[in-house]
Amino acid sequence: MSFKKRMFRSNMMILFTALLSLMLILLLVLILFEDSLENQVYAISQTRIESHVGEVVRLMASDDMQSAEKLRESVEQWGYRTAVIAHGKVVSGDGGEQMMDLVEFFQEEDDKTGGADIFSFQKATVAGKYLADQDAYLVAAYFPRENWLVSSLNHSFYVFLRAVLLAGTGAIAFLLFLASFFTRRMNRVIMEPIELLVKGAKRIENGNLRERIDYRGEAEFEQVCQAFNDMQDTILRDQEQRERTEKARTDMVTGISHDLRTPLTSIQGYVKGVLDGVADTEEKKRMYLKTAYESTEEMNILLQKLFDFSRMESGQMPFHMVKADLGEYVAAYAAQKEAVADPGSLQLRLHRSTEYMTEISLDVEQVRRILDNFLENSMKYAKAVPVLVDISLEETTEWVCLVWKDNGVGVPEEKLGRIFDRFYRCDEARREKGSGVGLYIVKYIMERHNGTVRAENAGGLKISLYFPKKGKEMQTGG
């Protein structure tokens with residue numbers, strides 16, 4: 001059974017049970033107190049004995065008054081009815097229903113002195129005398145007309161009882177109708193967003209992630225539907241990102257295969273030239289072997305990046321944090337590179353705001369990897385001769401900032417925001433060798449240092465690294 005039907009039935013049963021119980025309790029109270037109410041009215045109506053009963057007793061007390069007929073002739077004028085009762089039945093006289101009610105009383109009566117007595121029985125005034133010769137009782141009873149109050153009460157009580165039954169039944173029917181109406185309305189309020197959510201889930205299952213749930217109603221359900229839409233948008237973005245990543249990964253594998261083929265072909269060609277005697281002089285052999293060696297270095301750099309990327313993705317890239325002066329480390333790095341560089345192709349210029357900078361926690365090997373990536377990119381993509389690189393170091397209250405800026409052509413503005421994405425290459429035609437993971441690794445390393453990286457065009461590509469000075473610990477996640 002559906003939730004909608006169960007909720008409807010439950011609401012109806014609860015309401016019906018409550019109303020029926022209320023009506024039954026009311027009827028039970030009326031029935032229980034009916035006799036008590038009538039007795040109270042009877043007591044009020046019998047506060048006085050009939051006024052002629054004394055004369056009736058005097059007549060009955062005479063010795064010659066031995067029959068019901070004779071007594072009746074004397075007391076009939078006052079509305080009395082007479083009878084002789086013996087052995088549990090009316091022997092003579094009035095045998096009506098009211099007189100028959102007195103039979104049981106006189107059957108239990110044990111006063112047989114022969115005197116006339118007065119008593120009341122229910123609503124009647126009764127005078128009785130024992131007739132010894134007949135072993136019977138001579139009875140004269142005055143049965144008053146039914147009191148208007150009692151009659152009215154009885155009539156009103158039963159009218160009221162019927163009215164309660166009819167009104168209760170009608171009220172139950174009406175309230176059940178109202179409850180049915182509002183329960184159905186509540187079902188619609190509750191079930192509409194649930195049905196929309198179920199349909200939305202089925203759409204997602206079938207691969208449709210672009211159709212949103214359009215619900216306007218109760219605020220709580222609006223929030224649930226909006227949360228569902230947000231979840232759907234997140235799934236859609238993740239799916240699109242996975243598709244882009246997978247395409248980029250495929251392109252990367254294709255590109256790496258292409259990039260590796262070139263130096264590998266070069267190595268094979270020059271080595272074969274040496275083996276086949278094409279390099280027939282020592283000078284040619286040295287040139288061939290040098291070229292082959294340079295190609296192996298190129299392959300080694302590419303494979304190292306892929307290895308670093310693999311360790312980074314699996315969370316296995318090691319970080320060894322030490323306290324160090326970033327300014328001194330970068331100065332040593334620049335001096336080392338400048339010492340082996342051709343001034344006609346590369347010039348490094350270092351700018352420091354102070355001679356000594358605050359020591360910060362960093363992994364010097366990972367920082368070197370960042371600088372190597374920057375240098376490689378500048379040499380590949382600056383398109384300037386010579387390549388001029390300005391390295392600036394500044395310090396604020398919270399950060400130590402390293403800025404790398406070359407004099408190249410920069411990056412198109414529409415691509416600038418994506419250069420730190422995984423596998424992204426501005427050179428989509430792959431005219432230049434590269435894996436598309438170098439700057440992604442830079443971003444990853446900075447995040448592990450709880451720092452940030454930002455790129456902009458400023459007469460060339462300018463990349464700023466912000467290392468936190470204190471108050472933060474290195475991230476440990478992959």
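Author: Two strands pair if DSSP finds at least two bridges between them. Helices (H or I, at least four residues) and strands (E, at least two) are themselves DSSP runs, numbered from the N terminus. This is a predicted model: local features need pLDDT of at least 70, side-chain atom pairs count only at pLDDT 80 or more, and totals for chains, interfaces and linings use all residues. Residues are numbered from 1 along each chain as its sequence is written, and side-chain values use heavy atoms, without hydrogens and water.

Reader: How do you know that E1 and E5 pair, and in which sense?

Author: Count the bridges. E1 and E5 have six, and the rule asks for at least two, so they pair. The sense is antiparallel. Tyr80 in E1 (residues 80-86) has Tyr142 in E5 as its bridge partner.

Reader: What makes strand E4 and E5 a pair?

Author: Seven bridges join strand E4 (residues 124-131) to E5, again in the antiparallel sense. Seven meets the rule of at least two, so this is a pair too.

Reader: Which pair do the rings of Tyr80 and Tyr142 make, stacked, edge-to-face or tilted, and why?

Author: Rings of Phe, Tyr and Trp (its six-membered ring) pair if their centres lie within 6.5 Å; planes under 30 degrees apart count as stacked, over 60 as edge-to-face and the rest as tilted. Here the centres are 5.5 Å apart and the planes stand at 45°, so the pair is tilted. It links parts of the chain 62 residues apart.

Reader: Why is Tyr80 called buried?

Author: Its relative accessible area is 2%. Buried means under 20%, exposed over 50%, partly exposed in between (1.4 Å probe, protein chains only). With 2%, Tyr80 is therefore buried. Tyr142 has 24%, so it counts as partly exposed.

Reader: What makes E5 largely enclosed by the rest of the structure?

Author: Six of its seven residues are buried, so the strand is largely enclosed.

Reader: How do you know whether Arg145 is buried or exposed?

Author: Arg145 has a relative accessible area of 80%. The cut-off for exposed is over 50%, so Arg145 is exposed. Arg145 lies in the loop between strand E5 (136-142) and helix H6 (148-205).

Reader: What kind of pair do the rings of Trp399 and Tyr466 make?

Author: Their centres are 6.3 Å apart and their planes are at 80°, so the pair is edge-to-face. Trp399 lies in strand E10 (residues 399-406) and Tyr466 in strand E12 (residues 461-468), so the pair ties together parts 67 residues apart in sequence. Trp399 counts as partly exposed at 22%, and Tyr466 as buried at 18%. By the ring rule the count comes to five aromatic pairs.

Reader: Which residues have the most contacts inside the largest nonpolar core?

Author: A nonpolar core is a set of buried Ala, Val, Leu, Ile, Met, Phe, Trp, Tyr and Cys residues joined through side-chain atoms within 4.5 Å. The largest has 45 residues, and Leu326, Phe374, Leu402, Trp404, Ile463 and Leu465 have the most contacts inside it. Helix H12 (residues 438-448) gives it the largest share, seven residues. A second, separate core has 17 residues, including Val57, Met65, Val84 and Ala140.

Reader: What does Ser464 touch, and where does it lie?

Author: Ser464 lies in strand E12. Contact means heavy atoms within 4.5 Å. Leaving out residues up to four places away in sequence, Ser464 touches Cys401, Leu402, Val403, Thr452, Val453 and Arg454. With a relative accessible area of 2%, Ser464 is buried.

Reader: What is the phi of Lys383?

Author: Most residues other than glycine have a negative phi, and most peptide bonds are trans. Lys383 has a positive phi of about 60° although it is not a glycine. Its place is the loop between H10 and E9. A cis peptide bond joins Val385 and Pro386, with omega about -10°. Asn450 also has a positive phi, near 60°. At 17% relative accessibility Asn450 counts as buried, while Lys383 counts as exposed at 56%.

Reader: What is the mean pLDDT of the protein?

Author: pLDDT is the predictor's confidence in each residue, from 0 to 100. The mean is 79, and 82% of the residues reach 70 or more. Over residues 471-478 pLDDT stays under 50.
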